Amino acid sequence: MSWLLLKGGTVLVHDGNDNITPTLADVLVQGDKIARIEPSISTPKDCEVIDCAEKIVSPGFIDTHHHVWQSPLKGLVGNKTFLQYHAVAHTASLELAPNDLFWANLAGSMEAMDAGTTTTLDHAHMNWSRDHSKAAVAGTMTSGIRSIFAYSPVPVLQSTKPTVKFAPDPLPDWVMGSFEQLATSSPLKDPNCRVQMGFGFDFYFLPKQVVQSVFSRVRALGAKVITSHFVRQLSGGDSESLVAKLKSYGLLGRDMVLSHAGGATREDVNLLAEAGCFISTTPSTEQAMAVGPPVAFRDDLPGMDKLCSLGIDCHCATSSSLVGEMRLALQGARGLNSTTQLRSGRFPTRIFHTTTEAFNLGTIQGARALGMERDIGSIAVGKKADLIVMNSLSPAMSGAAHQDPVMAIVLHSGVGDIDTVVVDGKVRKRHGQLLPTKLMEWLREDSLMETERTISWQEVLQKILEMQRRLVSKLPDSNISGIESHLREIYQLDS
């Protein structure tokens, strides 16, 4: 059993009311769990020690909505609309082979860990063949991140010229068969595995009985979380809210996470609260791609704050920093509140929500959204050792970290301030640099195994750049505008 001692840091400890007390302490990790948190701990034999003096020890960040495969699209969609972004993503499906998805998910997961994220809910909407998701799972496992891999049926683009053509059957038999194969494979079927199978679903245009059958099957196979996009303005002319539809189908449950909640109403919030279903808000993409407005800290949606967590969504169009989403969620909400008060002739006299509340969206609230609050989301004895160590002496953090470490993280920190990342008791980033990782590959059809081969970030980078060069060379002939028009018809949006 391995030992790891984080010595002499300012440890951010949650109490039962989600308040945080910065505590000077040592944190001892045994295997994959936190064994002790005390003012001074003697170093066990054969224990790795990380000096955390003048550093902050924080829970790892928890990202509850992320399309992790999209690293090859970075730089291509940041100035595009929602439909244009989707058109580029669909085009990628014609070029990226299953092996490409291994490297894409590995890259996205490593980038997330570099930014302090230790757990992702990966809405994996790149299931273009029987083998794409399988390869992506191997990439996720290789990275070392904790993940719920939400296997997702997707529309499969077949051609773009002379006309845009998608596969006629949105849910062929192989889709659910491949999910079952993954869910029952080793080690994914093990409830203690760092990567768990979830399910992503957005095909609510299918008949009620088909949708109910899909949910029944994936739940029976142990899907840890089911996730769906929920944006009222993209409902395709359907006047019924997705939340109301799920409720009427008997499907809305505690194991669901809905992303965005653009246009959500009080009725939606009441149904979500009744079911214990969480929302993942992704402020950057919601502001940029018209799938908001963000729902965190909204006065007009009472009760929503207790149901909110944070996600990145598309790191191809924004940063992978969950701290950035904390900051934008908080300051955006403060700005809206101030504007409302000023328009009413009042000058604000109290601050609107706190940095601790924003921090909790990306930590303990994220854990609750995933049903994992007993294991992750805060630092406590017996919980999983998913931890980050942040520098408090950098130009950005100095002073602020000594007054209020949580405020310093939310308002002042950057990715460069993250010195160390520990996931499941293993150090994945040290001295500000991602460490090489061991290759995980399918040695048998039903068994994913670790090999002796190591993979560095530099190797991953070269694979991603090669993929991107291929994609860029194809874009001029990809009929992006045709795909966009096709999508506009599907969503029944005005030209």
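Okay, let's start at glycine 144: just after helix 3, this residue takes a positive phi of about 100°. Before going on, this is a predicted model, where local features need pLDDT of at least 70, side-chain atom pairs count only at pLDDT 80 or more, and totals for chains, interfaces and linings use all residues. Residues are numbered from 1 along each chain as its sequence is written, and side-chain values use heavy atoms, with hydrogens and water left out.

Helices here are DSSP runs of H or I with at least four residues, strands are E runs of at least two, and both are numbered from the N terminus.

So, helix 3 itself, residues 132-143. Its 12 residues should span 16 Å at 1.5 Å a residue, and the end C-alpha atoms sit 17 Å apart, which agrees. That expected span is 1.5 Å times one less than the number of residues. How many of its 12 residues are buried? 12 of 12, including His132 and Lys134. Buried means under 20% relative accessible area, with a 1.4 Å probe and protein chains only.

Now over to strand 14, residues 278-281. Phe278 and Ser280 point one way, Ile279 and Thr281 the other, and all are buried. Strand 14 pairs in the parallel sense with strand 13, residues 256-262, over three bridges; pairing takes at least two DSSP bridges. Valine 257 stands opposite phenylalanine 278 there. The chain gets from strand 13 to strand 14 through helix 7, residues 266-275, in a right-handed β-α-β crossover. Right-handed means that, with the strands pointing away from the viewer, the path from the first strand over the helix to the second runs clockwise.

Strand 15, residues 308-310, also runs parallel to strand 14, joined by three bridges, and serine 309 is the bridge partner of serine 280.

How values were computed
Buried < 20%, exposed > 50% of the residue type's maximum accessible area, 1.4 Å probe, protein only.
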